[in-house]
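Let's take a walk through this structure together, one stop at a time.

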Amino acid sequence: MATLTAEPVAARPAPQVRVNRWDSPWLNAKLIIGLIMVLSVALSGVVGGMFWDLRLARVGTSPQDLPPAFVPGGTWAHPLGTENSGRDMLAVLLTGAPRSFRIGLIAATIGLLIGVVLGCLAGFLGGWVDRLILIASDAWITIPSLVVLIVISAFVRQISAETMAVLIAMFAWPGPTRLIRAQVLTLRERGYIRMARLSGANTFDVIFREMMPNMLPYIAASFTGNVSGAILASAGLEALGLGPTRIPTLGMTIFYANQASAVIRGMWWWWGFPFLVLAIIFSGLFLIAIGLDEVANPRLRGLQVKQ
Amino acid sequence: MSGMTRGYVVRRFLMWVLTVWLGATLIFAIPRLAPGDPIAAMVLRMSAQGQIIENSAELIQAWRERFGLDGPWYVQYVNWLRNCMTLDFGYSLTQFPARVWEMIWRALPWTIALLTFAVIITFILGNLIGALLGWRKTPPLLRSLLPLTLTFSSIPPFIFGLLLLFIFAYTLDLFPNQGAYDSRNLQPGLTVEFLASALHHAILPAMAIVLTSMGGWALGMRGMMITTDGEDYMILAQAKGLRTPRLFLRYAVRNALLPQLTALALSLGLIVGGSVLIETYFVYPGVGYLLYYSITNGDYTLMQGIVFILILTTATAVLIIDLLYPLIDPRITFQKR
Amino acid sequence: MAVPLLDIRDATKIYGGGLFGGRRVVALQGFNLAIHEKPATITTIAGESGSGKTTLANLVLGFLHLTSGQILYKGVDIAAMDARQKFEYRREVQAVFQDPYEVYNPFYRVKHIFELAIQRFRLAQNKAEAREMIEDALRVVGMRGEEVLEKYPHQLSGGQRQRMMVARAYMLKPRIIVADEPVSMVDASLRAMILDIMLHLRDDYGISFLYITHDLSTAYQIGDDIYVLYQGLVAERGETSRVIENPRHPYVQLLVGSIPVPDPTVKWDTNLRLPTEEEMRSSATGGCRFYPRCPQRMDRCLQALPPLYSIEAEHDAACYLYEAQQQAMLTGRTNAS
Amino acid sequence: MNSPKKRLHALGSAIVGFSLLLAATANVAQAAPPQQSVPREQTLILDIDGGKVITPDLWNPLVPGSRRDHGFHQSMIEPLFILNYMTGKINPWLGESFTPNAKQDVWTLKLNKNAKWNDGKPVTADDVVFTIGELCLKVKELNCHGAMNEWVKGVKKIDAQTVEFTLKNPNPRFQLDYFSVKIWGGINIMPKHIWEGKDPLTFKNYEKGKSPVFSGPYKLVSFNPDGTEFIYDRDDNWWAAKSGFKPLPAPKRLIWTWAGPPENRVALMADKKLDSLMDITKGAFDTLKAKNPNVIAWYKDLPYAVLDPCSRTFELNTTLEPWNDPEIRWALNYAIDRDQIVQIAYEGTTSKSRIPYPMYPPIQRLDKLLESKGMFEKYPIWEHNPKKTMEILEKKGWKKGSDGYYAKGGKQLSMVITTHEAFIEKQRIADVLVEQFQAVGINASHKKEAGQLWGDNFAFGKFEARMGWQMCGSVSEPWATLNTLNAKWIVPVGERANGNQWRWKNEQFSKIVDQIGVLPLGDKRIDDLFVQAMDIYFKELPVIPITQAKKLIPFDTTYWTNWPSDDNKYAPSWTWWQSFYDILVAIKPAKKS
């Protein structure tokens, strides 16, 4: 048996990827562009506040119904125009967008966290815990959120954007719970989970080090959808009276535009700009989700490099 | 492979019962947690405008008795569960003497027709886009263009529906702007004219639903595809030299689609609830509007009736899919470890 | 005699059953086995699919729990171990699995399988020491760290992956390696190499193996003792050479007879017909499970399970054919003593 | 069938087909489009105001589920009398006269002797006695029970056309409040021969293909099962036309339709597919006018809109610190810039208020009266003067902190203004108020509440400040609005109040209100008492008048002319009120056919 160690290994054709410390999956273009898009929305309020008076987002601070500056009738005093309560659209976007995004982010994160915890519990423990969680999430998902929120709104005075995000999260967990549970159930049987166990991994390791990275595509996709969903849901809640109203969020701005027949009046800037920002948030998150896939699934990368 | 055992069916059925029961209990409890009294509100509404009624307490009591809301909560609860079992939810609180079931029944067929139509298209399109996005052999051009279709889902449906109306109904005049069929000239029936008119009226609202909601499906499907892609049977199938379209549909899509079916079943309630804006903007008859009306007007009997139907259908759909699952997907078994 | 390293006593595993558990499947019944610390041995567990051999592997590795019976490690029941004992058991009983791809987490570079274990079992003080350990282990299987460690699992060949698994098991310096079909998915040249490594580890490092396979030819090559399982029961056991050269149980005879030449590349079970579901079910109810397929079946085989009869030293078979022989041998032995 | 997509597709078509079939058969029972078609120029198409009619086959107007504004009480159920908003006079319709005795507690109703139900039977005293005595008084759950039970002791037939009502207490407004369409509608008379022996609570009053029996100039022809469209055809045998009491309305056919969101309705009207709309925004009106130049409104120019009877008021819970202090309430009033509210919240379509009344001609007289008494100099309610606000606050011990807000004893001066979630108009006022209060250092905020909750919080006194219209009541005389502040309604916070939910207590004011309450309408003494009451009201200012309510109601003159307007104010523009009969008999076809 002495020959064994000396025996040359029949080397396969040259590996497809150079092995390089800087070949980090985290440094891919999609991820970075997505992050830039999302961050630019998140930080627009802070940066925007340095060169634009954000108080112009309040009612009656500007002339009403002005079109954007680059359209006849517009003025550079209000580059993106104004709406019918005398709010400056630029200020509205600079204050509303980060707030909308924050609400979406908090709500989706909490929803996802609850989903991860419950989904893992259900998938791992099985038995009656699993059944209980399934029953609860299946029953909860059909109860119209509006009914519950009306009840809640009766008990709260004035709530912050963060509290509103938490309220939205109350309805954002059953989806992720089901998703994570299903994933845990399939992943649980994977060879690498057993191998990890044999390497002395505890349950925490198994969930967070072994399983979670492989669930990233799902989680990221679900997260992207939930952020958008939560932003839209927050508009619904604000219309219903929950949440702060002095300075509108994106959803609320569109809601106001709708109430004032902006579409038929031809005030496209009123709903169009918020649309655009929502689309940027969504696309940014989507790019991040795609980027994360490559992190989570090295096969994707490997093949792309080969091409 | 005998994935399905009698025990599994029994267990799954028990879960169905518990889910429906829990949903029914929640929907019984939640309105009762709300402050305020729907009956009092109703009595106030009834009084002539600009008038003050002095004996409102007496009227409130009379109505409370009529709706069986005067007993202690457990009596009401038992009555409610019995109503659930017989699907008889009594009178509507605000539309007395209309019966809840009669109101639901009037709206239900349209909801089923429009939503099924739209949801199936959404599901197919969304999953197809998602599948193509998650498929490595998708042409790069297609792959970079497809995500654009997803941005629709970041737009609030209420204004999206309006934009569709604005473009296709008001400006281009291609589609009618309201209703489920031409009710001024046609009688519902199995005639070509009626069906054509119904279809013509359904296209815009269906489009609004499809475009705003397919993004969610696509995102989910994309995730499934990407993981499916790495599975052994995919590698095996590729190794066998199967042609790409066949590989795509039979192996990748098929296996990735299964979890999406459960999600579809679970989202039934959300879809109905979410269709209210469509029903409002396109003046389309349906349960969504009824649900919204019942919630905002405090018509709890109507609301409970609709929500219970939703719970029942959702739970049943999930049950059916769970029972069919092992038959479709042999990888899944229900053996207890 | 010293306490065996691993002592499996009357191990029985039944799936299902219980209130809603559905049909019971007996996967392993009354299984006994002992592995001693010295000398290190390779014990083969052979059998076709459904024979219970993988169940046994999972039981020993602690992935499944016994329905009845005991598994003792160094005299301690693994079901009753405290945390420290469990930790030690985890490290000292390792495994190599059949599928060399499944066992790598696709998210990580392959070094993850080494690093995780080093970290968890606190095998190294620092990175350099860890690296040295890994390189050392890789050398045993003829690999070099810089060639493979930074790669992702899909960038390695099946053989490379499997050798790394063996290296990993070796690195942990276990007492026992459960090798569950370690060579069934690698090609012939690598098969020989891995089997060689196993022998090498047994002889030079004193590591015992529980070698689980459906392939009698490889068992014949490296095995010390063999247990041939049929539907959860031991059909025949003994020293590998005796059992394979001179099989006694009709089932084992059938198995061995179907090996045309002692060529490891030829599969031996090609002509064997797997029992149908129905046969499995009927045979599980009582009596000899091989009865439906047995060329030498007798009526009494249906009445009760035949126990293991001793045929010669270190050679038993569970067949009534050898009842008399055992009697004779026992008497002979008695006479001799 | 080897791909899941195809399979789903087939499944999908099957389900859709099945559902359409279901829809077709389930609804076939109720819907039948009219047999004959009527040309557009003889058809009047109007907007249903209150959303779709959820129970379209319910034609019993006495039960809570009934809807009446889809042409039901505008073309089939006739009122006894109609109040003319412009003159304050009550005009006869089914009723010829309704006169009280000197004590105002016995009222005698005389019906028009020509009045007939549309099945040919005469409208008689028996119908009135049956409706009031047998239905309203005896059946608690009916709409009309509350009001009738409160006032009516007995009702008896004198002769075929005469009915005598005996009241429990004197009520000079018995006719005005309940039988003359003061606001929206009134208590109506049902044909006894149809209703007798029916359970009035479950009687739907509808038989497939038949119009319900009422006395109006139109008969129901059909409606669609979704409750979005109702078609009525003219009854050429209408009693009022035959007897020469009123001309036969010109439109041969009425269509009431619910067209959904404002955009849709505006688009329809721009397309000349609708002849009028319920209230729309100024922006929508501008768009509409640009697309259809035939569209007119009450005024030719801003504010365009006609007044709504419920003026908009900023209301405070007067049991709460510091709003229980009249001086603080005045401080708030000085902070309010009504012109800005008109400009921003209404885009100029209304005018500001200084009294909580709608400024119809009879009320304008009262306003002039107050002016002539120097009330508005004594109480400069329109003065926007933030400096005065701050002076008052500082005099009361409030100090402005570094955060820009007033505080006293560590407590910030804050205020939550609540509004009804469905009423964007009041929300927009509240948004402007918030900025105006913020500007003087009051941390005001605005919270919308679901309708029922908002109403309950009001009744139970669980509110701080609100933007509402709850002093609504008077349109031609001063009492009803004053009575909303009567101390007799006050109940403790936490109990349901039927009136004076602001819980403002002033015995002297209430005494004056009670005095007015028993004087006959038009009594000379009322003016003097009114001025006294308003003096107290202005001094205390429990509810702050903000603006007039507006209804921007466009009419299309393409097919129909002689719509009511400021130049031709024979009636207010409401198409959804029971007083619509006045418009119906007045409008004329634009072209001679």
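A disulfide is a pair of cysteine sulfur atoms within 2.5 Å. Keep that cut-off in mind, and keep in mind too that what you're looking at is a predicted model.

Start with a pair of cysteines in chain C. The sulfur of C:Cys294 has its closest cysteine sulfur in C:Cys319, and the gap is 6.0 Å, so that's too far for a bond. C:Cys294 counts as buried because its relative accessibility is 11%, and the cut-off for buried is under 20%.

So where do the cysteines actually pair up? Over all chains, the structure holds 2 disulfides. One of them links D:Cys310 with D:Cys472, with 2.0 Å from S to S. What parts of chain D does the pair tie together? D:Cys310 sits in strand 12 (residues 306-316), while D:Cys472 is in the loop between strand 18 (465-468) and helix 17 (479-483), so the bond connects parts that lie 162 residues apart in sequence. D:Cys310 is buried, at a relative accessible area of 11%, and D:Cys472 also counts as buried, at 13%.

Back in chain C, C:Cys288 is in no disulfide. The nearest cysteine sulfur belongs to C:Cys301 and is 5.4 Å away. C:Cys288 is buried, with a relative accessible area of 13%.

There's another disulfide in chain D, joining D:Cys136 to D:Cys144, again with an S to S distance of 2.0 Å. The angle about this S-S bond is -95°, and the link is left-handed. Both D:Cys136 and D:Cys144 are buried.

A:Pro217 lies in helix 9 of chain A. Is A:Pro217 buried or exposed? With a relative accessible area of 4%, A:Pro217 is buried. What does A:Pro217 touch, leaving aside residues up to four places away in sequence? Its contacts are A:Asp293 and A:Ala296, plus B:Gly223 and B:Ile226 from chain B. A:Pro217 and A:Ala289 are 72 residues apart in sequence, yet their C-alpha atoms are 6.7 Å apart in space.

Our last stop is the place where chain A meets chain D. The size of an interface is often given as the accessible area lost when the parts come together. Here, chain A and chain D bury about 2,500 Å² between them, and 49% of that is on carbon and sulfur atoms. Chain A brings 29 residues to the contact and chain D brings 32.

How many salt bridges are there between chain A and chain D? The count is 1. It pairs D:Glu347 with A:Arg265, whose closest N and O atoms are 3.2 Å apart.

Which parts of chain A face chain D? Helix 5 (145-155), helix 9 (203-240), helix 10 (250-259) and helix 11 (262-265) each supply at least two residues to that side. Helix 10 gives the most, with 4 residues. Sorted by class, the side of chain A that touches chain D has 11 nonpolar, 11 polar and 7 charged residues.

Terms used:
Residues numbered from 1 in each chain as written. Chains lettered and ligands numbered in written order. Predicted model: local features only at pLDDT ≥ 70, side-chain atom pairs only at ≥ 80, totals over all residues. Heavy atoms only, no water. Contact = heavy atoms within 4.5 Å. Buried area = accessible area lost by both parts, 1.4 Å probe. Salt bridge = Lys/Arg side-chain N within 4 Å of Asp/Glu carboxyl O. Nonpolar A, V, L, I, M, F, W, Y, C, P; charged D, E, K, R; others polar. Buried < 20%, exposed > 50% of the residue type's maximum accessible area, 1.4 Å probe, protein only.
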